[in-house]
Amino acid sequence: MTDQAFKNHAQVVVIGGGLIGCSILYHLTKLGWSDVVLLERDELTSGSTWHAAANIHGLHDSNNISKLQYYTMKLYKELEAETGQGCGVFQPGSLYLAQTKDREHQLRIQAAKARYFGVEFHELSRKEAEEMNPIVDYDGIRCIMFEPDGGNVDPSGVTQAYAIGARQNGAKIYRFTPALETNPRPDGSWDVVTPKGSIHAQIVVNAAGLWGREVAGLAGYQLPLMTMEHQYLVTEDIPEIAALGRRLPSVSDRDGEYYMRQELNGLLVGAYEKDGRFWAENGTPLDFGHELFSDDLDRIEPNIMRACERVPAMANAGIKKVINGPMIWTPDAAALYGPVPELKNYFVCNGIIPGFSQSGGLGMMMAQWIVEGEPELDMFPWDMARYGIDWTPKTFVKARALDCYSNRFKIHFPYEERDAGRPVRTRPIYEKQKSMGAIFGLNASWEHPLWYAQDGQEPVETYGFERQQWWDGVRAECKNLREAVGIIDVSNFAKYEIKGTGSKAWLNSILANTVPFKTGRSCLSPLLGVRGGIAGDFTVTMVGEDHYYMFGSASAERYHSRFFNSDNKPDTVEFNSRTQAWCGFNVAGPRSRDLLAKITDADLSTEAFPFMRSQNIIIAGINAFALRVSFTGDLGWELYVDEQDQAALFDALLEAGKEFGVKPVGSRSLLSLRVEKGYGSWGREYSPEYWPQEVDFNRLVKMKKSVFSGRDAYEKIMDEKPRLRLVQFSVETPHNADASGGEAIFLTDGTPVGYVTTGAYSHTTEQSLALGFVKTEIVGDATEFDIAILGKPHRAKLLQEPPFDPKGLRLRA
């Protein structure tokens with residue numbers, strides 16, 4: 001490859017010539033942007049690309065990531081045809097083995113999803129598996145699945161194919177050209193300084209892989225990344241393989257904690273050992289390139305021995321070579337991608353572990369975000385904004401990276417919370433909640449109660465696809481709130497204060513609904529994205545002239561800052577997060593008014609304090625902001641106080657509520673309560689992928705306003721028939737398991753028609769429920785469906801209204 005003449009301007013400069021950087025460059029050109037440049041400090045593939053095992057697979061726990069992985073697998077052969085560059089594609093298929101009941105559940109869930117996606121992932125008998133891969137010992141295997149498209153590619157070939165395709169479409173690639181500086185201009189563009197000169201770029205993309213942290217530092221920000229060593233070995237020729245004369249399916253024995261595929265007439269076997277090793281914790285050396293580390297096979301010996309037990313022929317094979325190279329990890333092993341919220345025109349794409357399964361999808365999504373303003377799929381699980389600037393300390397990143405590495409093949413169960421690196425941030429009542437039996441989860445780095453162990457119940461989490469021991473604790477909490485009163489800690493809700501001249505007009509120019517114009521009035525408002533979908537949903541209340549409070553999703557606060565920290569905010573308007581400064585409780589249930597009346601003189605009657613109204617009140621001698629809403633769908637108030645007053649208010653609520661049987665309630669119960677009321681939640685039922693009319697939010701979009709975020713895009717689709725409809729099901733659950741999200745929905749004849757977004761058991765109405773999206777043309781024509789819980793069909797009845805308080809009488813009582 002010969003580099004082209006150096007140019008000093010570009011629409012986009014991509015920094016990093018590994019797999020992902022080249023994919024982004026290629027996909028930018030496919031969307032019509034040819035004035036794009038890639039800078040590579042060394043040779044293409046330097047860093048971690050060149051030594052990757054480069055396995056490929058399609059299915060993922062996330063439906064959207066599955067879509068992108070299948071896109072990537074299909075793309076490689078198209079790249080070969082387009083560019084003439086071989087990608088070294090081998091697709092003999094992959095065998096997935098289950099040694100445990102939970103792994104069998106996982107594989108059957110994946111098989112059901114495959115039927116929804118229309119791809120092949122199906123069960124084999126032992127005899128069929130033995131015919132496909134006769135060197136495997138299948139003793140002790142409960143279930144075997146086969147993915148025909150599984151296999152591997154050539155790391156260098158794929159990267160070069162992306163590069164050739166991009167150059168054919170007009171892109172420029174400069175090797176041995178490191179970025180030395182990235183300097184912002186006042187207009188939001190960038191000067192990228194290199195040894196060969198400066199490039200004035202409208203947009204910069206950090207795809208620097210192992211050097212992602214260093215490139216981020218050039219622009220003055222940090223990325224939560226940590227480098228670790230990873231080893232795999234390649235054996236000498238194995239006679240049993242050579243005698244077959246064909247390519248064997250790869251073996252995914254995740255319970256054995258290794259991966260295995262054929263390499264020539266031997267085997268390639270890799271492992272993520274428990275005793276992982278960090279490398280270059282404080283920064284990747286700038287002179288590192290195609291180097292490897294010394295072998296350290298003792299660390300992965302237990303994994304390799306398990307591989308030898310599964311494939312006895314391997315035990316006698318010699319080792320041809322060992323690859324021990326660096327990989328860079330995020331705290332959850334998912335990519336960090338998207339625009340940096342605090343910078344203009346600066347994107348990142350780093351920390352990709354299964355890169356060869358995801359490179360095409362990541363490149364396409366990034367290119368869409370740059371060129372079109374937003375990707376077509378909701379990719380928040382990959383969005384770099386899921387981590388905050390000031391609450392991802394290095395200790396957390398390091399602990400989580402090691403946990404992800406050493407548990408790479410561990411099942412990620414529904415609702416699972418991992419302890420590594422915690423706690424990061426706690427509230428004043430954390431220890432008191434713990435003493436009351438609270439089991440905590442993590443949300444935007446805040447510890448928050450998931451559920452409370454009941455009398456005689458050990459406060460310990462267990463995980464699985466079936467109902468766990470916390471089910472009984474959640475049942476007690478839900479029953480108590482619906483029959484009496486409960487206290488939910490909602491301190492982790494995102495909280496904002498907007499004030500100053502022009503605040504009302506500014507909020508109206510962003511939110512789709514008309515914000516309240518009278519003090520004490522509140523509204524629910526969607527925030528629309530670039531494509532007209534639902535980028536957020538907020539409760540907005542007016543507390544004074546040009547003075548508002550706003551409440552939203554905790555996990556999406558940094559994501560939403562991209563909309564609110566915009567250039568069109570007048571200097572007279574102050575927009576501030578109060579999430580850390582304020583704590584909150586939702587006091588809800590039929591006796592909530594009675595409880596609050598004991599410790600406040602405020603008139604809480606429906607006449608004086610109706611639903612969706614707010615007031616500043618004094619409660620237990622504490623200044624509080626009271627908002628009459630409740631995500632439980634029951635009578636209730638949200639109370640917000642300064643963090644320093646949280647403990648005093650909690651104690652007062654517990655004391656005043658004794659005679660009414662008050663109990664603390666965790667977020668697992670809130671999930672059940674909001675599902676039985678039919679309430680959606682951002683990130684599940686509401687996302688930029690879904691149009692307002694698909695979730696009944698079109699009533700909250702006020703087109704009489706001439707300007708608001710996403711208005712033009714929504715105007716183009718507002719009269720379109722919904723593609724999908726958000727609906728609710730009552731589900732028969734004979735297998736002691738409820739839907740949790742992602743399960744495929746079928747007609748009773750097996751035709752795939754939708755998917756679940758949230759599931760939960762309704763302890764109030766004694767039935768398992770699911771929220772999900774179904775093709776619009778199906779809604780109304782069918783009343784019975786099958787939902788694939790545990791991968792098995794569970795009969796589900798379409799509900800016409802929420803089973804709890806469908807008229808909202810309790811909410812407005």
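**Cavities, salt bridges and a sheet: a reading lesson**

User: How many cavities of 30 Å³ or more does a search of the whole structure find?

Analyst: The search turns up 3. A cavity here is a set of points on a 1 Å grid, laid over the protein atoms alone, where a 1.4 Å probe fits but cannot get out. Grid points are joined across faces, edges and corners, and the volume is the space filled by probe spheres set on those points. Before going on, note that this is a predicted model: local features need pLDDT of at least 70 and side-chain atom pairs count only at pLDDT 80 or more, while totals for chains, interfaces and linings use all residues. Numbering starts from 1 along each chain as its sequence is written, and side-chain values use heavy atoms, with hydrogens and water left out.

User: What is the volume of the largest cavity, and which residues are the closest to its centre?

Analyst: The volume of the largest cavity comes to about 240 Å³. Lining residues have an atom within 4 Å of a grid point. There are 22 of them in this cavity, and Tyr 415, Arg 467, Trp 470, Trp 471 and Asp 738 are the closest to the centre. As for secondary structure, helix H12 (470-483), helix H17 (667-676) and strand S34 (752-762) each put at least two residues into that lining. Helices (H or I, at least four residues) and strands (E, at least two) are DSSP runs, numbered from the N terminus.

User: On to charges. How many salt bridges does the whole structure hold?

Analyst: First the idea: side chains of opposite charge can pair when their charged atoms come close. The cut-off is a side-chain nitrogen of Lys or Arg within 4 Å of a carboxyl oxygen of Asp or Glu. The whole-structure search gives 50. Take Arg 142 and Glu 104, whose closest N and O atoms are 2.9 Å apart. Arg 142 sits in the loop between helix H4 (126-132) and strand S6 (143-147), and Glu 104 in helix H3 (residues 101-117), so this pair ties together parts 38 residues apart in sequence.

User: Are those two partners buried or exposed?

Analyst: Buried means under 20% relative accessible area, exposed over 50%, and partly exposed in between (1.4 Å probe, protein chains only). By that scale Arg 142 is partly exposed at 45%, while Glu 104 is buried at 14%.

User: Which parts of the chain does the bridge between Arg 386 and Asp 332 tie together?

Analyst: Here the N to O distance is 2.8 Å. Arg 386 is in the loop between helix H9 (355-372) and helix H10 (394-406), and Asp 332 is in the loop between strand S16 (319-329) and strand S17 (336-339), so the pair connects parts 54 residues apart in sequence. Arg 386 is buried, at 11% relative accessibility, whereas Asp 332 is partly exposed at 30%.

User: How many bridges join S23 to S24, and how many join S24 to S25?

Analyst: S23 and strand S24 (residues 534-544) are joined by 7 bridges, and Pro 526 has Asp 537 in S24 as its bridge partner. S24 and S25 pair over 5 bridges, with Val 540 partnered by Met 550 in S25. In the S23 and S24 hairpin, with 5 residues between the strands, Gly 532 takes a positive phi near 90 degrees. The hairpin of S24 and S25 has 2 residues between the strands, and there Asp 546 takes a positive phi near 50 degrees.

User: Why is S24 described as largely enclosed?

Analyst: Because 11 of its 11 residues are buried, S24 is largely enclosed by the rest of the structure.

Technical notes
Pairing = 2+ DSSP bridges. 1 Å grid on protein atoms, 1.4 Å probe; cavity = no way out; pocket = protein on both sides within 12 Å on 5 of 7 lines; lining within 4 Å.
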